[in-house]
Amino acid sequence: QLGLVQRVVPDGDVDEAALLLAGLVARHSRAALVCAKRALAGTGSDLALDAAQRVYLADLMRSTDAVEGLRAFLEKRTPAWRHA
């Protein structure tokens with residue numbers, strides 16, 4: 001009900017499911033993942049939303065990867081992350 005669980009797999013499939021999820025996460029920019037982790041650290045209040053917005057604007061959108069991501073989207077290509 002709280003949305004804490006996204007997917008449940010049988011015990012024997014846990015390793016495979018974890019590797020699949022890790023592969024999906026690894027496709028993203030390190031800079032974006034670091035900002036997402038920081039933004040999620042304080043979730044649960046209006047103050048947390050304000051903090052997430054500050055992380056997004058002050059950190060992520062000033063990163064090299066943010067520019068690359070936007071360019072790749074507009075050019076309809078896969079981004080080449082620099083993780084910076």
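The legends below describe a predicted model in several close-up views.

**Figure 1. Overview of the four helices of the protein.** The protein has four helices and zero strands, where helices (H or I, at least four residues) and strands (E, at least two) are DSSP runs numbered from the N terminus. Read along the sequence, the pattern is α-α-α-α. Of the 84 residues in the protein, 15% are buried, a word that stands for under 20% relative accessible area, with exposed for over 50% and partly exposed in between (1.4 Å probe, protein chains only). Residues are numbered from 1 along each chain as its sequence is written, and side-chain values use heavy atoms, with hydrogens and water left out. In this predicted model, local features need pLDDT of at least 70 and side-chain atom pairs count only at pLDDT 80 or more, while totals for chains, interfaces and linings use all residues.

**Figure 2. The buried and exposed residues of helix H2.** Within helix H2, which spans residues 30–40, Ala 31, Cys 35 and Ala 39 are buried. These residues lie on the same side of H2 because they cover an arc of only 65 degrees around the axis, the arc being that of the directions from the helix axis to the C-beta atoms. On the other side of H2, Arg 30, Lys 37 and Leu 40 are exposed.

**Figure 3. Glu 68 and its surroundings.** Glu 68 lies in helix H4 and is buried, with a relative accessible area of 14%. The side chain of Glu 68 reaches the backbone nitrogen of Ala 80 at 2.9 Å. When neighbours within four places in sequence are left aside, Glu 68 is in contact (heavy atoms within 4.5 Å) with Arg 77, Pro 79, Ala 80 and Trp 81.

**Figure 4. Lys 76, a residue with positive phi.** Lys 76 is found in the segment after helix H4 (64–74), and its phi is near 55 degrees, a positive value in a residue other than glycine. Most residues other than glycine have a negative phi. Lys 76 counts as exposed, at 75% relative accessibility.

**Figure 5. The lining of the largest pocket.** Among the residues that line the largest pocket are Gln 6, Arg 7, Val 8 and Leu 24. The lining residues divide into eight nonpolar, one polar and one charged; Ala, Val, Leu, Ile, Met, Phe, Trp, Tyr, Cys and Pro count as nonpolar, Asp, Glu, Lys and Arg as charged, and the others, Gly among them, as polar. On a 1 Å grid over the protein atoms alone, where a 1.4 Å probe fits, a pocket is an open set with protein on both sides within 12 Å along at least five of seven lines, and lining residues have an atom within 4 Å of a point.

Technical notes. Polar contact = N/O pair within 3.5 Å; in protein donor to acceptor, adjacent residues only side chain to side chain.
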